[in-house]
Amino acid sequence: MEASFSMQGADKPGVGLLAVTNRGTTPLTVQGWPIPSFTNLSGAPAAIPVEQVLIPGEGPSITLQPGQTAFAGVQLALGDAASGSAIGSMKVEVPGGASAEATLIGTDGRPISDPGSLKVSSAKVGTLQPTAQGVLVF
């Protein structure tokens with residue numbers, strides 16, 4: 001399993017597209033919510049609450065063939081040093097699948113070189129969908 005989290009533009013601060021791709025050799029059926037978890041800058045688990053929301057609606061059963069991708073929207077509540085935890089990494093557990101560390105991608109389309117610049121106090125995650133259409137309607 002491979003995962004990436006792409007931050008959207010300034011008009012949607014904290015909103016990102018989570019993409020999970022089956023990098024195995026056999027089909028994988030997923031359904032429901034991906035479960036993101038975060039580490040702090042020292043690599044320890046960060047206590048960031050994650051709420052599951054029905055965006056864009058119920059998550060259908062999706063069979064991912066090798067190389068296929070499913071999508072979910074994630075909204076991070078961004079804060080400052082006093083109200084958020086600086087994150088070191090994001091890991092994603094996929095229901096029916098494996099887990100993977102997510103590559104964090106900035107609004108410029110490049111990997112974020114300093115994820116610690118993201119101060120996160122909470123997160124909302126939508127359901128996995130077979131296309132990216134509609135998953136970012138936070």
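These legends go with a set of close-up views of one predicted model.

**View 1**
The protein has ten strands and zero helices. Read from one end of the sequence to the other, the pattern is simply β-β-β-β-β-β-β-β-β-β. Its C-alpha atoms fill a box of roughly 45 × 30 × 25 Å along the principal axes. For 138 residues, a compact globule would come out near 14 Å in radius of gyration, and the protein agrees, with 14 Å. Buried residues account for 41% of the 138. Take the contacts between residues at least 6 apart in sequence, and 78% of them join residues at least 24 apart.

**View 1. Strand S9 and its partners S1 and S8.**
Start with S9 (residues 99-105), which runs parallel to S1 (residues 2-7) and is joined to S1 by four bridges. One spot to look for is serine 4, whose bridge partner in S9 is threonine 103. S9 also pairs with S8 (residues 85-93), this time in the antiparallel sense and over three bridges. Here valine 92 stands opposite alanine 100 of S9. S8 and S9 make a hairpin with five residues between them. In that turn, glycine 96 has a positive phi of about 85 degrees.

**View 2. The salt bridge between glutamate 2 and arginine 23.**
The count for this model is one salt bridge, and here it is: glutamate 2 with arginine 23, their closest N and O atoms 3.1 Å apart. Glutamate 2 sits in strand S1, while arginine 23 is in the loop between S2 (15-21) and S3 (28-30), so the pair ties together parts that are 21 residues apart in sequence. As a general point, side chains of opposite charge can pair when their charged atoms come close.

**View 3. The largest nonpolar core.**
This core holds 28 residues, and the ones touching the most other members are Phe5, Val20, Phe38, Leu76, Met90, Val92 and Leu128. At least two residues come from each of S1, S2, S3, S6 (62-64), S7 (69-78), S8, S9 and S10 (119-125). Which strand gives the most? That's S7, with four residues. Apart from this core lies another one, of six residues, among them Val15, Phe71, Val135 and Leu136. In soluble globular proteins, nonpolar side chains tend to be buried together.

**View 4. Zooming in on phenylalanine 5.**
Phenylalanine 5 is one of the core residues that touch the most other members. Leaving out residues up to four places away in sequence, its neighbours include Gly14, Gly16, Leu17 and Leu18. Also among them are Val74, Leu76 and Met90. Ala102, Thr103, Leu104 and Ile105 round out the list.

**View 5. Serine 89, a buried polar residue with a polar contact.**
Serine 89 lies in strand S8 and counts as buried, at 12% relative accessibility. What does its side chain meet? A polar contact of 2.6 Å joins it to the side chain of threonine 39. Not counting residues up to four places away in sequence, serine 89 touches Ser37, Phe38, Thr39 and Glu101.

**View 6. Alanine 123 beside valine 50.**
Alanine 123 lies in strand S10, and its relative accessibility of 3% makes it buried. Valine 50 is 73 residues away along the chain, yet the two C-alpha atoms are separated by 4.7 Å. Setting aside neighbours within four places in sequence, alanine 123 is in contact with Phe38, Ile48, Pro49, Val50, Glu51, Gln75 and Leu76.

Glycine 126 lies in the segment after S10 and is buried, with a relative accessible area of 0%. Its contacts, leaving aside neighbours within four places in sequence, are Trp33, Pro34, Val53, Ile55, Ala72, Gly73 and Phe138. Leucine 136 is ten residues along the chain from glycine 126, with 8.5 Å between their C-alpha atoms.

**View 7. The cis peptide bond at proline 56.**
Going from isoleucine 55 to proline 56, the peptide bond is cis, with omega near 0 degrees. Proline 56 is placed in the loop between S5 (50-52) and S6. Isoleucine 55 also turns up in the previous view, as a contact of glycine 126.

Notes
Residues are numbered from 1 along each chain as its sequence is written. This is a predicted model: local features need pLDDT of at least 70, side-chain atom pairs count only at pLDDT 80 or more; totals for chains, interfaces and linings use all residues. Side-chain values use heavy atoms; hydrogens and water are left out. Two strands pair if DSSP finds at least two bridges between them. A salt bridge is a side-chain nitrogen of Lys or Arg within 4 Å of a carboxyl oxygen of Asp or Glu. A nonpolar core is a set of buried Ala, Val, Leu, Ile, Met, Phe, Trp, Tyr and Cys residues joined through side-chain atoms within 4.5 Å. Buried means under 20% relative accessible area, exposed over 50%, partly exposed in between (1.4 Å probe, protein chains only). Contact means heavy atoms within 4.5 Å. A polar contact is a pair of N or O atoms within 3.5 Å; within protein, one must be able to donate a hydrogen and the other to accept it, and residues adjacent in sequence count only if both atoms are side-chain atoms. The radius of gyration is taken over C-alpha atoms; the globule rule is 2.2 Å times the number of residues to the power 0.38.
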